[in-house]
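User: Please take a close look at the ligand site in this model. Which residues surround the ligand, and what else in the backbone deserves a note?

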Amino acid sequence: MTNTFGLIGYPIKHSLSPWIHNQFMKQLNIEGTYQLFEIEREDLFAEKIKRLKEIEVDGFNVTVPYKEKILPYLDEIDEQAKEVGAVNTVLCKNDSWIGYNTDGVGYMRALLNDYPHLEKHSRILLIGAGGAAKGILHALLQHGFKQITITNRTIVRAEELAAVHSMIATKTLKEVESNLHSYDVIIQTTSVGMKPNETKSPITLQHVNKQAIVSDIVYQPLKTTLLQEAEKNNLSIHLGHTMLLYQAQYAFEIWTGQRPEVAPLIDPLENILKG
Ligand code: ATR
């Protein structure tokens, strides 16, 4: 049986998802294709989705700007996607479409793969309060991490996010910067530092705890300015492209019931990203 998977979004021509899912299919001897369904005009979204239903895909990913717009077309939405209010993976089964969000689980798998002995009582600083931060926060809480502080440029957004869960603190970027020694894991979830603004960083690491792990979900460049500064301070780092691979792994698992290995893809993906 040949599977049809794909991606909807715009622009998606440079997406790494086809490469990743083709590697997964090869690895597990699963026959299929991963196609790009680019939807340039948002006003044609309903029509394009109707066409997608007709061609009977087995599953697809959803990226910007349609992660929320897809919600009314789904028959079921899993708990994490409901919590985040956005879907990045759809399973099409027996004429019904089920929406998932694999970002949070993907992030946790990636972090715990690099740091399997991370203590549940680690003090975590989450930078950002957007969709990515929401998914990661949800996954952190599910894993039993309780000491979480959220910081964000717009502090009310951090407060709104923190209000959903008890025991979560919020602080301004200025406050955390002068108090960074209080955190064991720093997780950067904003787009700050992404190409073409790679010299930017949301915080400086002047007062950092020397045992801290610094993690950035940005993977273009592979090593952001924040991670470079962390390395200069001899800190442990966690690179963003591993989240990309693990969120794809979880999506593939949802579609096929099989879990591909991520490890063989890490070096080749690094080479692709280094160009
Ligand atoms: P995503 O779904 O990728 O998380 P988002 O929901 O638009 O995207 O959230 C973007 C996050 O990056 C937010 O935390 C945003 O901060 P604000 O809430 O203050 O907008 C953060 N962000 C984006 N550009 C930023 C910048 N130049 N400086 C600081 N934070 C920035």
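Analyst: In this predicted model, the shell around the ligand takes in Gly128, Ala129, Gly130, Gly131 and Ala132. Asn152, Arg153, Thr154 and Arg157 also belong to the shell. Thr190, Ser191 and Val192 complete the list. By class, three of these residues are nonpolar, seven are polar and two are charged.

Three side chains each place a polar atom by a ligand oxygen. For asparagine 152, the distance from a polar side-chain atom to an oxygen atom of the ligand is 2.7 Å. For arginine 153, the corresponding distance is 2.8 Å. For threonine 154, an N or O atom of the side chain sits 2.5 Å from a ligand oxygen. How much of the ligand's accessible area does the protein cover? On its own, the ligand has 640 Å² of accessible area, and the protein covers 61% of that.

Next, the helix packing. Helix H9 spans residues 241–256. Helix H10 spans residues 263–274. Their axes come within 10 Å and cross at roughly 125°. That angle makes H9 oblique to H10. The crossing of H9 and H10 is right-handed.

H9 also pairs with helix H4, residues 103–114. Here the axes come within 7 Å, and the crossing angle is roughly 125°. H4 and H9 are therefore oblique to each other. Their crossing is right-handed.

Last, the backbone. Proline 11 sits in the loop that links strand E1 (3–9) to helix H1 (17–27).

A cis bond also runs from glutamine 220 to proline 221, where omega is near 10°. Proline 221 is found in the loop between strand E11 (213–216) and helix H8 (225–232).

Asparagine 29 has a phi near 55°. That is a positive value, and the residue is not glycine. Asparagine 29 lies in the loop between H1 and strand E2 (32–38).

Notes: Residues numbered from 1 in each chain as written. Predicted model: local features only at pLDDT ≥ 70, side-chain atom pairs only at ≥ 80, totals over all residues. Heavy atoms only, no water. Near = heavy atom within 4 Å. Polar contact = N/O pair within 3.5 Å; in protein donor to acceptor, adjacent residues only side chain to side chain. Areas by Shrake-Rupley, 256 points an atom, 1.4 Å probe, with all protein chains shown as cover. Nonpolar A, V, L, I, M, F, W, Y, C, P; charged D, E, K, R; others polar. Axes fitted to C-alpha atoms, helices over the stretch in contact; angles between N-to-C directions. Helix = DSSP H or I, 4+ residues; strand = E, 2+ residues; numbered from the N terminus. Parallel < 35°, antiparallel > 145°, perpendicular 65-115°, else oblique. Left-handed = near helix turned anticlockwise from the far one by under 90°.
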